[in-house]
Amino acid sequence: QLACCCGTAACSLCCKCCPKIKQSTSTRFMYALYFILVTIICCVMMSTTVANEMKTHIPFYKQMCKGIQAGEMCEKLVGYSAVYKVCFGMACFFFLFFLFTIKINNSKSCRAYIHNGFWLIKLIALAAMCSGAFFIPDQDTFLNAWRYVGATGGFLFIAIQLILLVEFAHKWNKNWTAGANHKQVWNGLLALVTLILYSIAVAALVLMALFYTRPEGCMHNKVLIGVNGCLCLLVSLVAISPCVQNRQPHSGLLQSGVISCYVMYLTFSALSSKPPETILDENNRNITICVPEFSQGLHRDENLVTGLGTTILFGCILYS
């Protein structure tokens, strides 16, 4: 009873210290927290370093992997296939609550009460769904089918991220332009941020051209970098064109700068995910091209892509 009293008192004290927020806002925050938690777990499971550390420090790890026939690198518990299963469980969790909350008209109904509470039970249900996905029979067929679902969902999510980024940049530009009516320093800050964004985009384009291309070969990489660079230039010209300015007076280079940086990240992600090409050198030896020399065997570019992607993901989720 004493422990229960102290726990309740401590929770009440913490809640009183926190700022008051709407129930709908707190519900969105909790669901976003669940999403971020599972995403962090997926990032950890994708890391080759974590897999090696688990093999070294967890007792009976090799025997367990052999017992469940998980493969030499225990692919069923770590790696991309494990991430697919965890994400499948998370997708089922959110899809069920999507169906559960259809046509809820007010926050006082029974379904709304369940939707806005029972967070411990929901966390247990989420963990059970993610764990249960590892027991799906005929996992090869499941992984092949889930790849197409992931590709479709990834395309839609990139489109949603673009919309969120454009909206964020539009509000940012509108607020700072309004501030410039009172203090000219806002105009200087707006120009400085726009210059920084375009500098980052141009630097990323140049670095990718240096590290992911070479005079012979790498045609796909050259086409990808060239097309995306031209599209960023086109978006910038459209943003400041008179017809767009007449319809959207707050449109400008800030929005196109944000989108250009995002497109450079997507290009970098595609280049780092693409399998390297091999050619014969003058000594008839196979050499790997179209990848940075510093990343061969070290997965540095893949880790950088994962870090950047996770940061952008969390930012968009919290902003939305």
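Analyst: A residue is called buried under 20% relative accessible area, exposed over 50%, and partly exposed in between. The model shown here is predicted. Trp 186 has a relative accessible area of 30%, so this residue is partly exposed. Trp 186 belongs to helix 9, which covers residues 185-211.

User: Which residues does the UniProt annotation "transmembrane region" cover?

Analyst: According to the unreviewed UniProt entry, the annotation covers residues 29-51, 82-102, 114-136, 148-168, 189-211, 223-240 and 252-271. Such annotations may be inferred rather than shown by experiment. Two of these spans can be set beside the model. Residues 189-211 are 100% helix and 0% strand, with the end C-alpha atoms 33 Å apart. Residues 252-271 are 95% helix and 0% strand, and there the end C-alpha atoms lie 29 Å apart.

User: How is a salt bridge read, and how many are counted here?

Analyst: Side chains of opposite charge can pair when their charged atoms come close. A side-chain nitrogen of Lys or Arg must lie within 4 Å of a carboxyl oxygen of Asp or Glu. The count comes to one salt bridge. Lys 171 pairs with Glu 167, and their closest N and O atoms are 3.4 Å apart. Both residues lie in helix 8 (residues 139-180), four residues apart, or about one turn of the helix. Lys 171 is partly exposed at 44% relative accessibility, and Glu 167 is partly exposed at 34%.

User: How many aromatic pairs are there, and what is the geometry of the pair formed by Phe 93 and Phe 94?

Analyst: Two rings pair if their centres lie within 6.5 Å, and planes over 60 degrees apart count as edge-to-face. The count comes to 19 aromatic pairs. In the pair of Phe 93 and Phe 94, the centres are 5.3 Å apart and the planes stand at 85°, so the pair is edge-to-face. Phe 93 is buried, at 1% relative accessible area, whereas Phe 94 is partly exposed, at 25%.

User: What sits over the ring of Trp 119?

Analyst: The charged end of Lys 122 sits over that ring, 4.1 Å from the ring centre.

User: Which residues have a positive phi although they are not glycine?

Analyst: Lys 103 is one of them, with a phi of about 60°. Lys 103 is placed in the loop between helix 5 (80-100) and helix 6 (110-115), and this residue is exposed at 72% relative accessibility. Phe 118 also has a positive phi of about 60°. Phe 118 lies in the loop between helix 6 and helix 7 (119-132) and is partly exposed at 41% relative accessibility.

User: Finally, how far apart are Tyr 80 and Met 45 in sequence and in space?

Analyst: Separation along the chain and separation in space are read as two values. Tyr 80 and Met 45 are 35 residues apart in sequence and 7.9 Å apart in space, C-alpha to C-alpha. Tyr 80 lies in helix 5 and is partly exposed, with a relative accessible area of 44%.

Notes
Residues are numbered from 1 along each chain as its sequence is written. This is a predicted model: local features need pLDDT of at least 70, side-chain atom pairs count only at pLDDT 80 or more; totals for chains, interfaces and linings use all residues. Side-chain values use heavy atoms; hydrogens and water are left out. Rings of Phe, Tyr and Trp (its six-membered ring) pair if their centres lie within 6.5 Å; planes under 30 degrees apart count as stacked, over 60 as edge-to-face and the rest as tilted. Buried means under 20% relative accessible area, exposed over 50%, partly exposed in between (1.4 Å probe, protein chains only). A charge sits over a ring if NZ of Lys or CZ of Arg is within 6 Å of the ring centre and within 35 degrees of the ring normal. Helices (H or I, at least four residues) and strands (E, at least two) are DSSP runs, numbered from the N terminus.
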